[in-house]
Amino acid sequence: MKICEGIQRMSIYEDDMESILLADYIDWKKLKEKTIVVTGATGLIGSTLIKTLLYVSRKMNLKLRVIALIRNQDKAKKIYETFIKSYDELEFVLGDITNIIINASKIDYIIHGANPTSSQYFVSNPVEVIRVSFEGTCNLLEFAREKKVEGFVYLSTMEVFGTPKRGYKVTEKDAGSFDSTNIRNSYPLSKQLCENLCCSYAMEYGVPTKIVRLSQTFGPGVSFNDRRVFAEFARCAITGENIILKTKGETKRNYLYTADAVAAILTVLLKGVIGQIYTAANEDTFCSIYEMADLVAEKYGIQVVVEEQDISRLGYASTLYLDLDTQKLRNLGWFPKRNLSDMYDRMINVMKGSL
């Protein structure tokens, strides 16, 4: 990698972390000398969250300690190798969340973001999707109960909204219904169950749980080989190949930049109401998949070609119209800073530098 590319990549990451640091709606003093457990630590959101926490801790002398739950130590070390100053501030705990053991006397916060993200995996391994989701969340909630944590945030998904009517603004109360015989629904059904489990632990045992429903999130750090649709569009922009859509691209939804997602999670952690759900999305990004493909194609001088196929075996969700209302989260002071064009510019800059 060229030196200038490395500097450019790091400047984007640092700019994102500095932006979160300067968010006046996040009370960083509440995290001073705290220990935070983060699951999904090698994922896009988890790694961005952990790096931000460590960055802010150093800048503000918070003396934070982060315990990162991982399944692959080599992958974790590669992700954090240029960022770790000391393993006193970041500890890796290796294992599966369904039976993981954390040997720590004091835990203040837990942010639970571990979960499969591939639609094809939802179809090919539905039992594992359900078991990991439920058993892992139950295990962490019991741990949170035992440690008497100050806060527990569960990262859920926009998929729990189901298939709202077109033209309808979707709020947190609008959870969808799902066909339980459709194995693709292993993912949204298990997420709905875990949301209820979190609220049940709050009511019955007093565990301070809060839930963030994230819209589809992307930004710097997305792998060049990621199979999700936004990454496929980015790859086409980089290689100069036309974007080939396997559907008409009629699904419309909101998107969210990674740094904006991290700011939302921290806002809910520190200011959210126990037992409540908050939707995190950039309402201004609401568009169809075709419209997003067209935006990328126009910016990077390529074309959009529709070649409809039978997509049932690929695990794609049905055509959706998810226009999300984020007022509840914005009432806590949070707001998104990056639009869809910015998201692609920053993701592609970093993705190109990693090749």
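Strand E7 (residues 209-214) and strand E11 (277-280) are joined by four bridges and run parallel; two strands count as paired if DSSP finds at least two bridges between them. Helices (H or I, at least four residues) and strands (E, at least two) are DSSP runs, numbered from the N terminus. Across this pairing, Val212 stands opposite Tyr278 in E11. The model is predicted, with local features requiring pLDDT of at least 70 and side-chain atom pairs counted only at pLDDT 80 or more, while totals for chains, interfaces and linings use all residues. Residues are numbered from 1 along each chain as its sequence is written, and side-chain values use heavy atoms, with hydrogens and water left out.

E7 is also joined to E5 by six bridges, again in the parallel sense. Tyr154 has Ile211 of E7 as its bridge partner, and Phe152 has Thr209 of E7. Six of the six residues of E7 are buried, so the strand is largely enclosed by the rest of the structure; buried means under 20% relative accessible area, exposed over 50%, and partly exposed in between (1.4 Å probe, protein chains only). Thr209, Ile211 and Arg213 point one way from E7, whereas Lys210, Val212 and Leu214 point the other way.

These strands belong to an open sheet of seven strands with parallel pairing, in the order E3-E2-E1-E4-E5-E7-E11. E3 and E11 stand at the edges with a single partner strand each, so one side of each is left without a neighbour in the sheet. Neighbouring strands of the sheet are turned against each other by 20° on average, direction ignored; axes are lines fitted to C-alpha atoms, for helices over the stretch in contact, and angles run from 0 to 180 degrees between N-to-C directions. Strand E1 (residues 35-39) pairs with E2 through five parallel bridges, and Ile36 has Val66 of E2 as its bridge partner. E2 is mostly covered, with five of its six residues buried.

Helix H3 lies across strand E2 (65-70) and E3, running at about 160° to E3, where contact means heavy atoms within 4.5 Å. A search of the whole structure finds seven aromatic pairs. Rings of Phe, Tyr and Trp (its six-membered ring) pair if their centres lie within 6.5 Å, with planes under 30 degrees apart counted as stacked, over 60 as edge-to-face and the rest as tilted. The rings of Tyr80 and Phe92 have centres 5.8 Å apart and planes at 50°, so this pair is tilted. Tyr80 is in helix H3 (residues 73-80) and Phe92 is in strand E3 (residues 90-94), twelve residues apart. Both Tyr80 and Phe92 are buried. Ring pairs also link Phe218, Phe230, Tyr255 and Tyr344 into a cluster.

Phe230 is one of the buried residues of helix H7 (residues 229-239), together with Ala231, Phe233, Ala234, Arg235, Cys236 and Ala237. The buried residues of H7 pack against strand E8 (216-218), strand E9 (243-245), helix H9 (289-300) and helix H11 (340-353). Just after H7, Gly240 takes a positive phi of about 80°. Arg228 lies in the loop between E8 and H7 and is partly exposed, with a relative accessible area of 26%. Arg228 and Ser118 are 110 residues apart in sequence and 7.6 Å apart in space, C-alpha to C-alpha.

Charged side chains lie over aromatic rings at two sites described here, Lys51 over Tyr13 and Arg145 over Tyr205. A charge sits over a ring if NZ of Lys or CZ of Arg is within 6 Å of the ring centre and within 35 degrees of the ring normal. Lys51 is at 5.5 Å from the ring centre of Tyr13, and Arg145 is at 3.6 Å from that of Tyr205.

A search of the whole structure finds zero disulfides, a disulfide being a pair of cysteine sulfur atoms within 2.5 Å. For Cys138, the nearest cysteine sulfur is that of Cys194, 8.8 Å away. For Cys194, the nearest is that of Cys198, 6.7 Å away. Cys138 counts as partly exposed at 22% relative accessibility, whereas Cys194 counts as buried at 0%.
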